Amino acid sequence: AMWPPVWWFWLIVAGLIVCLIALSWVWIRRHIKRRYRTDALTLVKALHSNQTSKDLCSTCLEAIRRTLLTEGKSDLASLPIDSLCQQLDQDKAHHKYPLVNISSLLNEGLYRPGIQLTSDQHEQVLRTTQHWLRRHHA
């Protein structure tokens, strides 16, 4: 004989199993959908303090642009650095690390020959990029 003998108990158990399967499916889909963020963060976190300023700025900007392209925002990804940072900050103005704070550093790091960012600037570019990659809703 089945335990417990009340028939509605098995309905509750079946309902819980269905809910568990549905939640697992939603979590897996969400994880797959957000995989590009993890890849971009891994790319940025792999940067070391001995990277040149040009490599740092190039990699951070590449990660941001890749993320935008993955989300189908090619119009944003193609903007110049200053316009891109301003536009992304407008879309999400409440974060604590605005991209406009590093736009000039990204420009100088990429296009000014021989520039070397200070360790504080280096850290600021990394921290801001990582924060945006984690929190954006482009």
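# Helix pairs, salt bridges and buried residues

Arg35 and Asp39 both sit in helix H2, four residues apart, about one turn of the helix. Helices here are DSSP runs of H or I with at least four residues, numbered from the N terminus.

This is a predicted model: local features need pLDDT of at least 70, side-chain atom pairs count only at pLDDT 80 or more, and totals for chains, interfaces and linings use all residues. Residues are numbered from 1 along each chain as its sequence is written, and side-chain values use heavy atoms, with hydrogens and water left out.

## Salt bridges

Arg35 and Asp39 are joined by their side chains in a salt bridge. The term means a side-chain nitrogen of Lys or Arg within 4 Å of a carboxyl oxygen of Asp or Glu. How many salt bridges does a search of the whole structure find? The search finds three. The table lists them.

| Pair | N to O distance |
|---|---|
| Arg35 and Asp39 | 3.3 Å |
| Arg66 and Glu62 | 2.7 Å |
| Glu108 and Arg112 | 3.6 Å |

The pair Arg66 and Glu62 belongs to helix H3, residues 53–70. These two residues are four places apart, about one turn of the helix.

Are the partners buried or exposed? Buried means under 20% relative accessible area, exposed means over 50%, and partly exposed lies in between (1.4 Å probe, protein chains only). Arg35 has 43% relative accessibility, so it counts as partly exposed. Asp39 is partly exposed too, at 40%. Glu62 stands at 33%, and is partly exposed. Glu108 is partly exposed, with 31% relative accessibility.

## H2 against H7

Helix H2 also packs against another helix. Two packed helices are described by the angle between their axes and the distance between the axes. The axes of H2 (residues 35–45) and H7 (residues 119–135) come within 9 Å and cross at roughly 170 degrees. Each axis is a line fitted to C-alpha atoms, for helices over the stretch in contact, and angles run from 0 to 180 degrees between N-to-C directions. H2 and H7 are therefore roughly antiparallel to each other. That label applies to angles over 145 degrees; under 35 is roughly parallel, 65 to 115 roughly perpendicular, and the rest oblique.

Which residues make the contact? From H2 come Arg37, Ala40, Leu41, Val44 and Lys45. From H7 come Leu126, Thr129, Gln130, Leu133, Arg134 and Arg135. By class, the contact holds five nonpolar, two polar and four charged residues. Ala, Val, Leu, Ile, Met, Phe, Trp, Tyr, Cys and Pro count as nonpolar, Asp, Glu, Lys and Arg as charged, and the others, Gly among them, as polar. Contact itself means heavy atoms within 4.5 Å.

H7 has 17 residues. From its first C-alpha to its last, H7 reaches 24 Å, close to the 24 Å expected at 1.5 Å a residue. The expected span is 1.5 Å times one less than the number of residues. The buried residues of H7 are His122, Val125, Leu126, Thr128, Thr129, Gln130, His131, Trp132 and Leu133.

Helix H6 covers residues 100–111. Its twelve residues should span 16 Å, and its end C-alpha atoms are 17 Å apart, which agrees. Ile102, Ser103, Leu105, Leu106, Gly109 and Leu110 are the buried residues of H6.

Ile81 lies in helix H5. At 5% relative accessibility, Ile81 is buried. Residues up to four places away in sequence aside, Ile81 touches Leu61, Arg65, Ser103, Leu106, Asn107, Leu110 and Tyr111. Ile81 and Gly114 are 33 residues apart along the chain, and their C-alpha atoms are separated by 19 Å.

Asp89 is also found in H5, residues 81–91. Is Asp89 buried or exposed? Asp89 counts as buried, at 9% relative accessibility. Not counting residues up to four places away, Asp89 touches His95, Pro98, Leu99 and Val100.

## Arg65 and Leu79

Arg65 lies in H3. Leaving aside neighbours within four places in sequence, Arg65 is in contact with Leu76, Ala77, Ser78, Leu79, Pro80, Ile81 and Leu84. Arg65 and Val13 are 52 residues apart along the chain, with 47 Å between their C-alpha atoms.

Leu79 is placed in the loop between helix H4 (74–77) and H5. Leu79 is partly exposed, at 26% relative accessibility. Not counting residues up to four places away in sequence, Leu79 touches Arg65, Leu84 and Gln87. His122 is 43 residues from Leu79 in sequence and 23 Å away in space, C-alpha to C-alpha.
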